[in-house]
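Welcome, and please take a moment to turn the model around before reading on. The report below walks through it piece by piece.

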Amino acid sequence: SDVCSSDLSGAALASDKSVYEGGIKFLVWYRGQSDLRFTNVTFNSPAATPFTFGKNANYESHRVFLTGCNIVGFGGDLNVADQVFIDRTNFYLTNDGWTALANNGGSRLSMTNSTGQSYYVLRQQMNSSYSINDKLSADWGQRFVWNAGQFGNIRDLYFSGNSTSNLGTRKTSKDPNVGEQYGWEFNFAQYQGYATSWTDRSMTFSNLPANLNGVYYAVVVDGQGVGQTRRVSSISGQTVTLETPWGVAVDGSSKIMLGNLAEGAVLYKNRIVGLKENRDRATDNASAGIILFGGSHDFVIDGNTIQQIRLPVSIWSLAQNDPLNPSLVNSMVQPSSFNMIVNNTITDSRRGIALVTAAYNVSADCGPTGTNVSLAGNIIRGNTLANIATSGIEAGYVRSWALWPTNQRIEDNV
């Protein structure tokens with residue numbers, strides 16, 4: 001049904017077999033439900049996904065509460081769940097679980113006073129003589145929270161008082177491109193072009209694809225009003241209407257991008273501890289503390305403590321292929337703007353804080369024309385960095401075409 005109220009308290013839910021062994025895929029399955037409360041519940045599913053609360057915009061769950069829970073498994077799946085509140089909950093990842101919490105289009109998420117770690121940590125707590133085995137994937141997990149826009153925009157997230165440790169790729173793992181503790185990945189630009197007419201809240205184009213819907217953001221990436229971001233309320237034919245007016249009027253020189261973005265997140269006083277062996281590896285891996293990998297705006301990253309990470313904090317803008325014309329390789333920009341990185345303490349890490357412009361399609365060495373805004377208005381202030389192996393604060397680009405980050409404020413860091 002579309003409406004469901006469920007309140008579980010003190011329950012112990014368990015499954016020790018995978019779906020391939022006659023077990024189950026999801027320990028708890030709620031999609032399109034509302035008012036779900038799990039209090040002091042144990043989810044014990046080492047070979048399965050502990051829970052899923054959504055699938056896409058047609059199966060969106062609302063008002064989900066996880067309080068005082070212990071969760072063992074591949075990691076939880078929020079998808080597009082809205083208004084999710086997680087407090088004092090411990091995640092133990094198994095079987096190279098790629099993230100403790102996956103969010104693919106949900107908004108209004110709060111996670112506080114919770115922990116994320118690999119399963120072997122729990123095994124050691126139960127048996128002090130337990131030996132860690134790098135070749136045993138069942139004991140390992142990789143990420144804490146991963147946000148991506150497959151099913152929509154993500155906004156209004158809050159993370160505070162959380163702690164992560166012992167997450168990342170194993171030395172014997174086949175995939176080194178994991179290990180980010182908190183990540184946002186947005187390479188979902190759908191259209192980029194110029195309006196033929198406009199008002200303060202609407203724009204009419206001549207070549208919008210027929211399959212666009214109204215759940216996008218509009219970003220001015222070049223020309224008059226560059227750098228502005230607004231949520232789209234509707235698309236009717238060739239006309240795009242915004243929720244709120246532009247602060248600076250657009251005109252015929254304004255290049256507008258439509259796509260899924262992340263907006264408005266706070267990461268405050270979290271503790272992030274990476275794997276020393278991943279920090280020190282000779283080959284690249286995705287050991288990262290907090291990474292905004294394209295299309296992220298209005299974030300506050302404040303007062304966090306980060307240790308033993310290869311790339312502790314980074315903000316990226318991405319260029320991707322044009323969906324309407326794939327031959328235009330890396331021609332569309334997913335900017336990340338107006339984010340704050342302040343008062344964080346970063347120690348014993350390979351690098352410190354980075355602002356990067358990059359191509360999503362790294363096989364091609366061409367990119368956007370004009371002055372497309374990539375990174376603008378980001379602030380790096382009052383951070384403390386110690387025992388950093390390479391660079392403390394850096395701004396740069398990947399691929400020769402990329403645009404150098406401009407209009408950033410970097411000050412009072414030590």
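Which residues in helix α1 (residues 119-126) are buried? In this predicted model, they are Tyr119, Tyr120, Val121 and Leu122. The cover over the buried residues of α1 includes the strands β8 (70-73), β11 (90-93) and β14 (115-118).

## The whole protein

With that helix in view, let us step back. The protein holds 2 helices and 41 strands. Its chain has 414 residues, and 55% of them are buried. If you look at contacts between residues at least 6 apart in sequence, 76% of these join residues at least 24 apart. The accessible surface amounts to about 16,600 Å², and carbon and sulfur atoms account for 48% of that area.

## A parallel sheet of 10 strands

An open sheet is built from 10 strands with parallel pairing, and its order is β2-β5-β8-β11-β14-β17-β27-β30-β35-β39. At its edges stand β2 (12-14) and β39 (384-388); each has a single partner strand, so one side of each has no neighbour in the sheet.

Inside this order, β11 and β14 are joined in the parallel sense over 4 bridges. One place to look is Asn90, which stands opposite Thr115 in β14.

Parallel pairing also links β16 (residues 154-160) to β26 (residues 262-268), over 6 bridges. There, Tyr158 faces Val266 in β26 as its opposite residue. Strand β26 also pairs with β29 (residues 296-302), again in the parallel sense and over 6 bridges. In that pairing, Tyr268 stands opposite Asp302 in β29.

## An antiparallel sheet of 7 strands

Another open sheet has 7 strands and antiparallel pairing, in the order β19-β25-β22-β23-β24-β21-β20. Which strands stand at the edges of this sheet? They are β19 (189-194) and β20 (197-198), and each has a single partner strand, so one side of each is left without a neighbour in the sheet.

Within this sheet, β22 (residues 217-222) and β23 (residues 229-236) pair in the antiparallel sense over 3 bridges. Tyr217 has Arg231 in β23 as its bridge partner. As background, strands of a sheet pair through backbone hydrogen bonds, either parallel or antiparallel.

Next, look for the second largest pocket, with a volume of about 610 Å³. It is lined by 29 residues, and those closest to its centre are Gly105, Phe151, Gly152, Asn153 and Val215. What kinds of residue make up this lining? The residues divide into 11 nonpolar, 12 polar and 6 charged.

## Residues outside the strands

| Residue | Relative accessible area | Class |
|---|---|---|
| Thr172 | 39% | partly exposed |
| Asn40 | 46% | partly exposed |
| Asn343 | 45% | partly exposed |
| Asp412 | 60% | exposed |

Thr172 sits in the loop between β17 (163-164) and β18 (180-185). Setting aside neighbours within four places in sequence, Thr172 is in contact with Asp134 and Lys135. Its C-alpha atom is separated by 9.2 Å from that of Ser137, which is 35 residues apart from Thr172 along the chain.

Asn40 belongs to the loop between β4 (34-39) and β5 (42-44). How far apart are Asn40 and Gly10 in space, C-alpha to C-alpha? The distance is 4.9 Å, although the two residues are 30 residues apart in sequence. Not counting residues up to four places away in sequence, Asn40 touches Gly10, Ala11, Thr67, Gly68 and Cys69.

Most residues other than glycine have a negative phi. Asn343, however, has a positive phi near 60°; its place is the loop between β34 (340-342) and β35 (345-349). Asp412 also has a positive phi, near 55°, and lies in the segment after β41 (409-411).

Why does Asp412 count as exposed? Its relative accessible area is 60%, and exposed means over 50%. Asn343, by contrast, is partly exposed because its value is 45%, which falls between the 20% and 50% limits.

Key: Residues numbered from 1 in each chain as written. Predicted model: local features only at pLDDT ≥ 70, side-chain atom pairs only at ≥ 80, totals over all residues. Heavy atoms only, no water. Buried < 20%, exposed > 50% of the residue type's maximum accessible area, 1.4 Å probe, protein only. Contact = heavy atoms within 4.5 Å. Areas by Shrake-Rupley, 256 points an atom, 1.4 Å probe, with all protein chains shown as cover. 1 Å grid on protein atoms, 1.4 Å probe; cavity = no way out; pocket = protein on both sides within 12 Å on 5 of 7 lines; lining within 4 Å. Points joined across faces, edges and corners; volume = space filled by probe spheres on them. Nonpolar A, V, L, I, M, F, W, Y, C, P; charged D, E, K, R; others polar. Pairing = 2+ DSSP bridges.
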